[in-house]
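Subject: Structure handover

Hello,

Here is the structure you will be working with. Please open it beside this email and follow along.

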Amino acid sequence: MLRYWRRHQWIIVCGLLFSAVLVLAQLSAVYSAQSVLKRLDGLLYDSRLKLMLPFREVTELPVVIVDIDEKSLKQLGRWPWSRQILAQMVEQLTAAGASVVAFDVIFSEPERNPAQQVLQSGQQHLSSEAAAELQRIAPQLDADQQFAASLENKDVVLGFLFQQDQLAVGQLPETYVVLDSPARQSSVSPFAGYVANTAVLQGQSAGTGFINSSPDPDGFIRQAALLIRYQDQVYPSLALEAARLYALAQELKVETAVLSQMNSIVGVTVGNSRINTDLYGRVLIPYRGPARSFPYVSAVDAVQGTVDKTLFQDAVVFVGTSAVGHADLRSTPVGVQYPGVEVHANVFEGLIYPHLLHAHPDWAEALVFLFLVVLGTLMSLLFPVLGPVSLALTGGSLVILTLAGNIYSWHVLKLDLPLTSSLLLILGLTLLNLIYGFFGASQQKARIKSMFDQYVPPAHIDEMLNHPESISLEGKRKEMSVLFADIRGFTTLSEQLSATELKSLLNRYFSPVTKTIFEHQGTIDKYVGDMVMAFWNAPLDVKAHAELAVKAGFSMLRITDELSKTFVQEALPALDIGVGVNTGEMNVGDMGSEYRRAYTVLGDAVNLGSRLESLTKYYGVRFLVSETTVQHCQNMSFRTVDKVRVKGKTSAVTIYEPLSPEFLSNPALVAAWQQHEQALSLYFQQRWQQAEALWRALQQSSAHQLYRIYLERTDYYRRHPTGTDWDGVYTHAEK
């Protein structure tokens with residue numbers, strides 16, 4: 001055993017660590033809705049659901065969907081229709097034998113009465129006889145009253161919507177949900193506002209249910225909330241309320257259990273059926289199949305009664321829309337353009353036949369945790385002695401057994417068990433041992449070197465090879481500095497040169513620029529045409545990264561000036577660049593697709609760095625940095641340029657021009673800088689005349705574009721007073 005340990009200790013430790021990481025990731029996934037494991041589990045859930053659809057029980061439940069489709073919109077006009085048409089639809093459906101009609105539609109505003117409109121808008125021009133006649137016929141033209149009358153004594157369910165915004169539109173319905181504990185102490189998801197139906201319609205409806213969807217973080221609807229809490233009441237979903245009416249139940253009984261000082265939902269009883277839910281009152285949706293797995297009837301045919309009425313005999317009818325542009329097409333495991341009304345129909349079928357519903361039990365995570373610990377330990381200890389073929393066969397067999405057990409639990413036991421972490425453990429440990437056996441430590445170093453030698457300085461590569469544990473390609477968020485540099489007038493320049501000459505010129509420019517970035521401990525992100533992007537403080541930590549980025553920018557400007565002189569002597573176009581640097585929180589890591597990836601940075605701070613480079617042309621300067629960068633460069637001097645709000649940003653930022661050592665050694669330039677700062681202070685105090693006088697004096701000695709900009713602004717503000725709430729911020733509408 002001791003000899004075995006000494007021979008394989010590194011791979012055993014790596015295997016155990018990999019297992020521990022997956023165990024921790026599985027535990028964190030329980031509390032994080034954005035977990036990568038949960039997203040992968042969602043994809044596997046979708047695949048398993050579609051795989052098992054042919055084996056799903058097909059019930060004889062008479063559910064029909066009346067679809068407000070393109071045909072209906074073409075014949076009856078665009079939505080919303082007059083509620084007289086909807087009243088006619090309800091009468092036709094109930095006359096055909098429909099037992100319950102559920103509207104996946106909200107009627108939050110009253111329909112205008114044409115007679116009342118005429119009376120209100122032209123009463124002074126009407127004769128008394130005409131006004132009286134309009135008053136007489138107004139009730140006959142009240143579409144809301146006609147629709148409400150059609151709802152009377154019928155099992156019709158209207159939909160309404162909960163929102164997180166604190167607003168209340170329409171009349172909130174009476175709830176028939178009864179909890180065995182106070183609503184505020186339950187785990188039901190709370191909402192702050194709602195959009196409900198008008199009081200006229202609400203008063204006549206037999207039931208009302210919310211139509212909120214419950215998408216997962218990736219936007220797919222895999223589960224449905226049966227209950228939502230508003231203030232001290234709990235309300236049912238549209239499908240649950242339709243099930244209550246279909247079961248002829250007077251109320252919906254909700255069972256709770258105390259869990260972590262909270263009354264967690266255990267189940268909902270509808271008539272004689274008990275539906276098990278998760279602790280938030282949600283169920284997994286038992287999709288029957290892809291879109292149109294239920295019978296569909298065009299709404300115009302339902303209104304006109306031109307459909308086989310036996311289809312509606314004792315049926316539950318859901319009224320909704322599949323028309324493109326009506327915002328009711330959802331992403332589901334069985335289709336990404338899935339009508340939202342059919343989601344309600346699937347939930348309803350599961351509520352009527354609870355054995356169709358799959359459960360995600362509370363102990364599922366504990367079972368997966370135990371499985372990962374036991375299997376991870378055994379594989380870490382036993383896999384190092386297996387050869388490549390045995391290793392591949394064993395790993396493949398474990399994958400097949402795990403998949404088979406998971407599908408058995410789904411189909412027979414009706415349990416939804418997490419699968420991603422188990423598969424990742426088996427595949428990861430198998431692959432880890434295969435890589436260790438084939439390549440070893442030297443190949444690992446070569447892979448790291450080939451990955452980074454085009455992006456980071458050679459000294460960084462040596463450090464990473466000597467201490468590979470100090471780096472990570474995983475995405476993380478940290479404070480960094482980013483630099484953008486772009487050649488001015490590159491389009492015009494490229495038109496003057498042949499393709500070969502342009503390639504040579506860019507190579508001669510990028511080579512010294514890349515070298516100086518490396519010398520200042522920067523990491524090259526990418527080249528895009530004539531633009532170079534670099535960042536500091538990743539993949540290794542770099543002290544004073546903001547100062548290094550600014551110094552690299554100065555060095556790039558000097559290199560550009562020297563190259564321009566050489567190019568002019570060779571009858572080539574001169575070069576000039578603009579540089580922008582920003583410091584802030586950024587996301588850094590190995591990002592991309594399965595086909596191409598790159599180690600790069602993302603975030604608002606990165607975008608601001610790009611905007612700063614673009615603004616150099618507007619202000620007539622070559623180098624701009626943000627106020628955050630200035631705060632990190634205590635040993636450098638900067639000229640305040642402006643306080644701006646760039647495109648795509650809501651908050652203002654003060655931007656500065658770094659001052660080079662050559663600038664600071666020139667007394668005349670230093671004096672002009674100090675005079676500019678004084679003028680800018682007066683400008684922000686709205687002392688236009690004093691600021692203008694200073695800038696005019698500066699413009700006489702230097703026709704700088706910055707002075708012209710502020711002279712134009714002061715002239716404008718002097719003629720158009722800004723008011724006391726002016727904050728001095730200038731908004732740029734272009735990038």
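First, the ground rules. This is a predicted model, in which local features need pLDDT of at least 70 and side-chain atom pairs count only at pLDDT 80 or more, while totals for chains, interfaces and linings use all residues. Residues are numbered from 1 along each chain as its sequence is written, and side-chain values use heavy atoms, with hydrogens and water left out.

Strand 27

Helices (H or I, at least four residues) and strands (E, at least two) are DSSP runs, numbered from the N terminus. Buried means under 20% relative accessible area, exposed means over 50%, and partly exposed is in between (1.4 Å probe, protein chains only). Strand 27 covers residues 653-659, and because seven of its seven residues are buried, the strand is largely enclosed by the rest of the structure. Both of its faces are covered. One side carries Val653, Ile655, Glu657 and Leu659, and the other carries Thr654, Tyr656 and Pro658.

Which strands pair with strand 27? Two strands count as paired if DSSP finds at least two bridges between them. Strand 25 (residues 623-626) pairs with strand 27 in the antiparallel sense over two bridges, and Val625 stands opposite Tyr656. Strand 26 (residues 637-645) also runs antiparallel to strand 27, joined to it by seven bridges. Here Asp642 stands opposite Ile655.

Leu201 lies in helix 8 (residues 199-202). Is Leu201 buried or exposed? Leu201 is buried, at a relative accessible area of 0%. Leaving aside residues up to four places away in sequence, Leu201 touches Arg83, Phe107, Asp144, Phe147, Ala148, Leu151 and Leu158, where contact means heavy atoms within 4.5 Å. The C-alpha atoms of Leu201 and Glu152 are 9.5 Å apart, although 49 residues separate the two along the chain.

Helix 13 has 24 residues (388-411) and should span 34 Å at 1.5 Å a residue. The expected span is 1.5 Å times one less than the number of residues. The end C-alpha atoms of helix 13 are 35 Å apart, which agrees. Its buried residues are Leu391, Gly395, Val399, Thr402, Asn406, Ser409 and Trp410. An α-helix has 3.6 residues a turn, so residues three or four places apart point the same way.

Salt bridges

Side chains of opposite charge can pair when their charged atoms come close. A salt bridge here is a side-chain nitrogen of Lys or Arg within 4 Å of a carboxyl oxygen of Asp or Glu. By this rule the count is 28.

- Arg184 and Asp232 form a salt bridge at 2.3 Å, N to O. The pair links distant parts of the chain, 48 residues apart, with Arg184 in the loop between strands 5 and 6 and Asp232 in the loop between strands 10 and 11. Arg184 is exposed at 53%, whereas Asp232 is partly exposed at 47%.
- Arg508 and Glu570 form a salt bridge, with their closest N and O atoms 2.9 Å apart. Arg508 is in helix 18 and Glu570 in the loop between helix 19 and strand 23, 62 residues apart. Arg508 is partly exposed at 31%, and Glu570 is partly exposed at 40%.
- Asp525 and Lys526 meet at 2.6 Å, N to O. Asp525 is buried at 4%, while Lys526 is partly exposed at 32%.

Regards
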